[in-house]
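Welcome to this short briefing.

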Amino acid sequence: MRDPLRSPAARLQALADEAAGCRRCPLWQPATQTVWGQGAAGAALVLVGEQPGDKEDLAGRPFVGPAGQLLDKALQRLGWPRDALYITNAVKHFKFEWRGTRRRHKTPAQREAEACLHWLEQELATLRPQAAVALGATAARSLMHRAVPVMAHRGQWLARGDGLPVLVTLHPSALLRLRGGERAMAFERWLDDLRAVQQKVPLATA
């Protein structure tokens, strides 16, 4: 009888179910839930962010908050259907600190990202994409297994040990910290970074 877990979609779901009970680092304790990746099981391109934010932690889906809205705007400009991609994070639980009544993002420690690396590598092994995009320093470190200076390498392709090409660029949250014309200019430059994907993956446009 055929093993149903040979299907990438079924394998991803099995991994998501397993990750829901992850206790590899202490971040699971204050978080609402594990936020697994989302998208096409046959995606040629994987986008990897840092970690879920407040909105993602509550919704259980990646990139649905303000940074996700900016990412959606970029995907629309590029003509890339979101449901044709696979979008995930290097760290699957929301790390935060309380500021009054609000939960504010706190950057994951290296040991926390390393504890979560198992899940990211399992996603990549299941998806077998043609390329990945590292959105920010945490994602770049997890994908490349070493520190990557994002500003020095943004818009450039790096090769992993397994041959997977990784495009390095900013996390959309970095753009959200800018205002007015500065943000608009940074957004256009960010789009230029992302357009380099077409060198490796000829994505169909919407």
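Two strands pair if DSSP finds at least two bridges between them. Helices (H or I, at least four residues) and strands (E, at least two) are DSSP runs, numbered from the N terminus. This is a predicted model, in which local features need pLDDT of at least 70, side-chain atom pairs count only at pLDDT 80 or more, and totals for chains, interfaces and linings use all residues. Residues are numbered from 1 along each chain as its sequence is written, and side-chain values use heavy atoms, with hydrogens and water left out.

**The sheet**

- Six strands form an open sheet with mixed pairing, in the order S1-S3-S2-S6-S8-S7.
- Strand S1 (38–39) and S7 are the edge strands, and each of them pairs on one side only.
- S1 and S3 run antiparallel and are joined by two bridges; here Gln38 stands opposite Ile87 in S3.
- S2 and S3 pair in the parallel sense over four bridges, and the bridge partner of Leu47 in S3 is again Ile87.
- S6 and S8 also make a parallel pair over four bridges, with Val168 in S8 as the bridge partner of Ala134.
- Helix H8 (residues 180–195) packs on the sheet and touches S6 and S8. The direction of H8 makes about 175° with that of S8, where axes are lines fitted to C-alpha atoms, for helices over the stretch in contact, and angles run from 0 to 180 degrees between N-to-C directions.

**A strand covered on both faces**

- In a regular strand the side chains alternate between the two faces of the sheet.
- Which residues of strand S3 (residues 86–89) are buried on each side? Tyr86 and Thr88 are buried on one side, and Ile87 and Asn89 are buried on the other.
- Buried means under 20% relative accessible area, exposed means over 50%, and partly exposed is in between (1.4 Å probe, protein chains only).

**Helix H5**

- Six of the eight residues of helix H5 (residues 137–144) are buried, so H5 is largely enclosed by the rest of the structure.
- The buried residues of H5 are Thr138, Ala139, Ala140, Ser142, Leu143 and Met144.
- Their cover includes strand S2 (45–49), helix H4 (110–127), strand S6 (131–135), strand S7 (157–159) and strand S8 (165–169).
- Just after H5, His145 takes a positive phi of about 65°.

**Charged residues inside**

- Asp57 has its place in helix H2 (residues 54–59), and Asp57 counts as buried because its relative accessibility is 0%.
- Setting aside neighbours within four places in sequence, Asp57 is in contact (heavy atoms within 4.5 Å) with Ala31, Thr32, Gln33, Val35, Pro52, Phe94 and Arg103.
- Lys92 lies in the loop between S3 and strand S4 (96–99). Is Lys92 buried or exposed? With a relative accessible area of 1%, Lys92 is buried.
- Apart from neighbours within four places in sequence, the contacts of Lys92 are Gln33, Thr34, Val35, Trp36, Pro52, Cys116, Trp119 and Glu123.
- Lys92 and Ala20 are 72 residues apart along the chain, and their C-alpha atoms are separated by 9.4 Å.

**Cysteines**

- How many disulfides does a search of the whole structure find? The search finds zero, a disulfide being a pair of cysteine sulfur atoms within 2.5 Å.
- Cys22 is in no disulfide, and the nearest cysteine sulfur, that of Cys116, is 5.9 Å away.
- Cys22 is buried with a relative accessible area of 11%, and Cys116 counts as buried at 8% relative accessibility.

**The largest pocket**

- The largest pocket holds about 950 Å³ of space. Grid points are joined across faces, edges and corners, and a volume is the space filled by probe spheres set on the points.
- On a 1 Å grid over the protein atoms alone, a pocket is an open set of points where a 1.4 Å probe fits, with protein on both sides within 12 Å along at least five of seven lines; lining residues have an atom within 4 Å of a point.
- Of the 29 residues lining the largest pocket, the closest to its centre are Ala67, His105, His171, Ser173 and Arg177.
- The elements that give two or more residues to this lining are H2, H3, strand S5 (102–105), H5 and helix H7 (172–176).
- S5 gives the most to the lining, with four residues.
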